[in-house]
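Visitor: I am new here, and I would like to be shown around. Could we take it step by step?

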Amino acid sequence: MPSVLKSLRALSDATRLRVIALLEKDELSVQELQEITRMGQSRISTHLGLLLDSDLVRSRREGKRTYYRLNQITGEAGENFVKLAIQGARELQEYAADQINLKRILSRRREQAQVYFNQVAGRFDRVYGPGRSWQGFGHLLLRIIPPLVVADLGSGEGLLSELLAHRCKKVIAVDNSEKIVKFGAAKARKNGLKNLEFRLGDLQNPPIEPDSVDLAILSQALHHAEDPAAAIAAAYRLLRPHGQILILDLQKHGFVKAHDSYGDRWLGFAESDLQRWLEGAGFKKIEISVVAREEEPPHFQTILAGGEK
Ligand SMILES: C[S@@+](CC[C@H](N)C(=O)[O-])C[C@H]1O[C@@H](n2cnc3c(N)ncnc32)[C@H](O)[C@@H]1O
């Protein structure tokens, strides 16, 4: 609660009434107040100093600028001071011009904020945006999924499995590399993920009970399987009725070095291959699409394929 005497003293000047009336709508910087009132910086600063001292106004610093706003005064006397000050300001000759200038400054502020987005409109998705990342989107999407039992087949060290384990009821990560399974299991333990279990096994015959899983994922794993059709059929068996399969893989490509560089058995798949194998396994509601294309050569493209048991 501001001191009554200090408030009365602060309100006994026409310029300070003008400032209070201007701060009613939004916070303003000294430069903005100068532009609106056409007064010099030192004069504005002196008046702001007195208003701060009376607690009718408060300030906040942002970089090199200080912004001033009306204090949220509780109590009848304080509220009345502000109301009276604004009423008084309305009687001043400068009031109308102040309000017109204020409107102009505030709309210029809004326009400045929009300039950037207007400039990048149409290519916004491709330019850098602070804090915007696929990781962020991934975590957001994870919050939407229900508590499923998931099999991550050809899991690697569990990049995806760990993410899923934060939201899912249980995640079973299967990989045929003993070293990877050991490493992944130790990492899951270290991260306290009790619902993530690593199992050593093959994509074509994963060590998981039939009809026990809600979602089977093969992320960049199918192109390592000796028999991809058999791996898809195996995933079908371990799913519960209406369970889903999701496959992320490479679209068929000609980058032969992938055999040696990445240990790939197959150079990606055509959509038609995936369609045939999913249908053959018994999946319904099949959806297949290319979801990403790398900027750099050889421009690998990612296919997402899904179906329901
Ligand atoms: C490219 S990594 C993908 C890892 C992970 N799914 C991801 O998206 O980050 C392929 C993984 O599949 C495993 N893998 C290869 N052939 C397999 C097979 N026949 N059965 C099970 N896992 C296999 C490899 O050990 C490797 O960890």
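Visitor: At what angle do helix 2 and helix 3 pack, and how far apart are their axes?
Guide: Welcome! This is a predicted model, where local features need pLDDT of at least 70, side-chain atom pairs count only at pLDDT 80 or more, and totals for chains, interfaces and linings use all residues. Residues are numbered from 1 along each chain as its sequence is written, and side-chain values use heavy atoms, leaving out hydrogens and water. Helices (DSSP runs of H or I, at least four residues) are numbered from the N terminus, and axes are lines fitted to C-alpha atoms over the stretch in contact, with angles from 0 to 180 degrees between N-to-C directions. Helix 2 (residues 14–22) packs with helix 3 at about 115 degrees, and their axes are 12 Å apart.

Visitor: Is that arrangement roughly parallel or roughly perpendicular?
Guide: Angles under 35 degrees count as roughly parallel, over 145 as roughly antiparallel, 65 to 115 as roughly perpendicular and the rest as oblique. The angle here is about 115 degrees, so helix 2 and helix 3 are roughly perpendicular.

Visitor: Which residues of helix 3 does helix 2 meet?
Guide: Contact means heavy atoms within 4.5 Å. From helix 2 come Arg18, Val19 and Leu22, and their partners in helix 3 are Leu33, Ile36 and Thr37.

Visitor: Which residue meets arginine 104 in a salt bridge?
Guide: Side chains of opposite charge can pair when their charged atoms come close. A salt bridge is a side-chain nitrogen of Lys or Arg within 4 Å of a carboxyl oxygen of Asp or Glu. For arginine 104, the N to O distance is 3.9 Å and the partner is glutamate 35.

Visitor: How many residues apart are arginine 104 and glutamate 35?
Guide: Arginine 104 lies in helix 6 (residues 95–120) and glutamate 35 in helix 3 (residues 30–37). The pair links distant parts of the chain, the separation being 69 residues.

Visitor: How many salt bridges does a search of the whole structure find?
Guide: Some of them form a network linking Glu27, Arg60, Glu62 and Arg69. For the whole structure, the search finds 17.

Definitions and conventions: Helix = DSSP H or I, 4+ residues; strand = E, 2+ residues; numbered from the N terminus.
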